[in-house]
Amino acid sequence: MAMLKKLYGLGVNHPWTTLLGVCALTLVFALGLPRLQWETDARVYFPKNHPAIEYDEKVDEWFGIKDAIVIAVVNEKDTVFNAETLARIKRITDKIAALPMVESTRPIDVASLATATYFFGTETEIGSRPLMPEVPTTPEAIATLKKRVYDNADLFVGNLVSADGTAAMIRAKIKEGIANRYQAYFAIKGIIGAETGEGGSWWPGGAGDWQKWSQKAGAGSEQADQGEGPSRSGAENWPDGGTGTEVGGWSQWQGGWQDETTSSPGDVPAEQGAGASLGQDDWRRWQGGTSSQDGSDEPALATKTGNTGGDWQKWQQGDQAAPTATGPIEDRFYLAGRPVVEVQSGLLALADLKKMVPAVLAVLALVLALVFRTWRGVLLPLAVMSAAILWTMGLMAWVGVPMYTISTMLPVILVAVGIADAVHILSHYGDAVVRDNERPAREIVAETMERLGPPLITTSVTTAIGFAALLLAEMPPFKVFGVFAMVGILFSWLVSVTLVPAVLTLLRPKVAGYYERRRTLRVHGVGSRPARHLVALGRALASRPVLAWGLAGLVLIGAVAGSTRLQVDSSWMEDFPKDSEVYRSNVVLNEKFDGTTFLNVVVEGSEPGVFKDPALLRRMEALQVSVERFPQVGGSLSLVDYLKNMNKNLHAGDPAYDRLPETRELVSEYLFLFSVSGRPQLLDEVVDYDYQKGVVRIAVKTDHTAQLQEVLAHVQAFVEREFAALPVRVNYAGSANNSVVWAQLLIDSQTTAIVFSKVAIFLIALLVFRRLRDGIGVVVPVAAATLVVAGAAGFLGIPLDVSTALAAGIAIGVGVDYAVHFIYRYYQVRRAEGATKALDETLAGVGRSILVNAVIVAVGFLVLALSQFPPHQKLGYFVAAYMALSCLAALILLPLVYLREDKGPT
């Protein structure tokens, strides 16, 4: 305590030294901000070395299932079966395959109508043929292509083409690493922009955003761990290996690949035509529209639409407006897939920071102005918050901790929560000035800090514990968020108890409306209108305590009933605004195709060749038929589908043979024929080389965990019942399984964190106040608020998800402040003036501070409504509700708790 007293006296006794010290530390931390990096990889939200992720990575390795950017080409007018759209699909496919950050070692790595093949069999020959060996230009050729697609509907419809023919899909597998994801996203945007003539409008914010991300994204922790290049930030991290002098190196890269004699991670041969890779001159000609992809001298579409090479380069760099197409283009393009989700998360997170931090500062400045009505009452809390944000974010940068999407809430939370200490100091300082403004400023400030010292450190510690409870979460970003929120709260306390007293000591004692408040104090004995109302509330509770307890009990009973109706449900897609590119694209793809969320049912045999057993194949077929009955399941794909398709095509397309071969020998023969057909790699994504491991890929049209859990539970029950007698074991992977696992981890860890924080806060209160009633009194208001919010959410059908679970944890740490300040003040008054006046004085004094603080914190969190992430918006609403209820609970329940003592002897 002696050390704390010295700290509290630092600003009073050495104000100028304190100010200089705070400014110097702020500068040091601010200098680290340029080092701050982003990490938007969705997998970092899983615990490191978690079995689900480790197994998922094994499955990716076994079957080559990599993250892909999905491009949907939609033509509602003519369907995609028209010459112009098919030519566009071919060009886009070839251009994407040539990108160095795209996996294109096999034609199927960039899947589309242009790379797909189908199996055929006649009396004289068998094998596989390209589905679209060349772009059809006549009605007859287009009709032939369409017939091939729908004759092999089990492989193509819902997968590469929609059932109604109005949409086609291009899937491009992206190499690992944050640099590859961002660069592939922007490159594909540019390719599509060149095709449509929209150009720069496809680039969010124009070239500036690309430059920002090329300079800021850097190689994240994931990339550094995989040894995929230097961990520095900036354009040197991109696959071209160049330093980049224009637009983060993009200009050099787009102007042509490095010379073919140069070896770099970006020099990946593109498979097109005879398989020759594009050299620098070829790339320039192709980009400029002076040569076609097949090497002929015929002009590409870019020339026809006016997108010459020079124009492409200029608008890509932002030097001029994008070119426009010469005619109407009916095709619409939608981008989806995990890489797109991650890039869009990063872009929206940056936009959030730009918008919300100034907004919350502006809103709180207005509230502070209304409350204190002095410049010092506005500027001092804002200075505290600005310093705390810079210290916290600067520390993150200096220690090399990246920014996650959830971290974008950190500055807003620090402003809303950390401002409490400065508000309490100014409120108590104002009360002291009103009582006697003739005393020296140093004396008034010293008295204020002596009175507030214990509750300030106690509330800061309890608030920090509320965030520290997130360390129990198994998701690394949540741990990081909890740690730095805790650090930020302690930074806010440190700056508040040093900077604010130092400035107040240097200024003349003053509060707004001094004479009016003095007159009110003489007439009513209470310094302000809110204080008078709070005292009246306390006396009303004292006159009817039984009625008050009865009403509180009814509210809590109703809350318990509502909380039993809470359901767990989470969705990655719901994290995005409904008008965002990611959300709209996901809706279109789920509507047109089988689904964008996949459950991989992985079957591992005890010995090689197990997938030649018709009994196992029939069980897999039955599983697919069974799960496809769910309305949210769009389709499934496995080795079964390829064998059935082959059987049908070997019998001249007779639908009667659209079934599995009946014997092991026939299955083996078909697999051998497939292996020599020219495209054996088609099977690589459903079965391994030894036919010992295989996968059933189930496509689901939603990512809501409640519905995914329903599908997963059905599959697990079916497998347990039907696969038990077979020499195989079954495991689960894919985005559907990961979402279910993640949601369960979140709920379990947050439940544990909430219980831990309440117990820890209770023990600290017990240690500080040394009375069981006081320990319970500290926890009761936040516990009641948590229960009421949970009950309301249950009755309103609001699911328990990331936002609601995180809000409860935050609210406990913050809401407990009100009870701590109330109890501290109650005992101070009781010791000085006796029990008779204790409740009235407490409600009149600290009650107003509690009310003001609750309003400021709630308003601060409501600024999250401006976020571009719906979960952040929901978090803001929930925490604001928690703050209001915690404040009411403290001002109603605590007077009831201490009422009996107040009536007793001193």
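Which residues does Val715 touch, not counting residues up to four places away in sequence? Val715 touches Leu599, Val601, Leu623, Val627, Ile698 and Tyr732, where contact means heavy atoms within 4.5 Å. The model is a predicted one, in which local features need pLDDT of at least 70 and side-chain atom pairs count only at pLDDT 80 or more, while totals for chains, interfaces and linings use all residues. Residues are numbered from 1 along each chain as its sequence is written, and side-chain values use heavy atoms, with hydrogens and water left out.

Val715 belongs to the largest nonpolar core, which has 241 residues, and together with Ile71, Ile96, Phe478 and Phe723 it touches the most other members. A nonpolar core is here a set of buried Ala, Val, Leu, Ile, Met, Phe, Trp, Tyr and Cys residues joined through side-chain atoms within 4.5 Å; buried means under 20% relative accessible area, exposed over 50% and partly exposed in between, with a 1.4 Å probe and protein chains only. In soluble globular proteins, nonpolar side chains tend to be buried together.

Helices H27 (residues 734-769) and H28 (residues 772-796) pack with their axes 7 Å apart, at an angle of about 150 degrees, which makes H27 roughly antiparallel to H28 (angles over 145 degrees count as roughly antiparallel, under 35 as roughly parallel, 65 to 115 as roughly perpendicular and the rest as oblique). The axes are lines fitted to C-alpha atoms over the stretch in contact, and angles run from 0 to 180 degrees between N-to-C directions; helices (H or I, at least four residues) and strands (E, at least two) are DSSP runs, numbered from the N terminus. On the H27 side the contact is made by Lys758, Ile761, Phe762, Ala765, Leu766 and Phe769, and on the H28 side the residues include Leu772, Asp774, Gly775 and Ile776.

Lys95 is placed in helix H4 (residues 83-97), and Lys95 is buried, with a relative accessible area of 5%. The C-alpha atoms of Lys95 and Ile192 are separated by 10.0 Å, although these residues are 97 residues apart along the chain.

Two loop residues remain. Thr79, in the loop between strand E1 (68-74) and H4, has a positive phi of about 60 degrees although it is not a glycine. Arg373, in the loop between helix H14 (338-372) and helix H15 (375-398), has a positive phi of about 55 degrees and is likewise not a glycine; Arg373 is exposed, with a relative accessible area of 59%.
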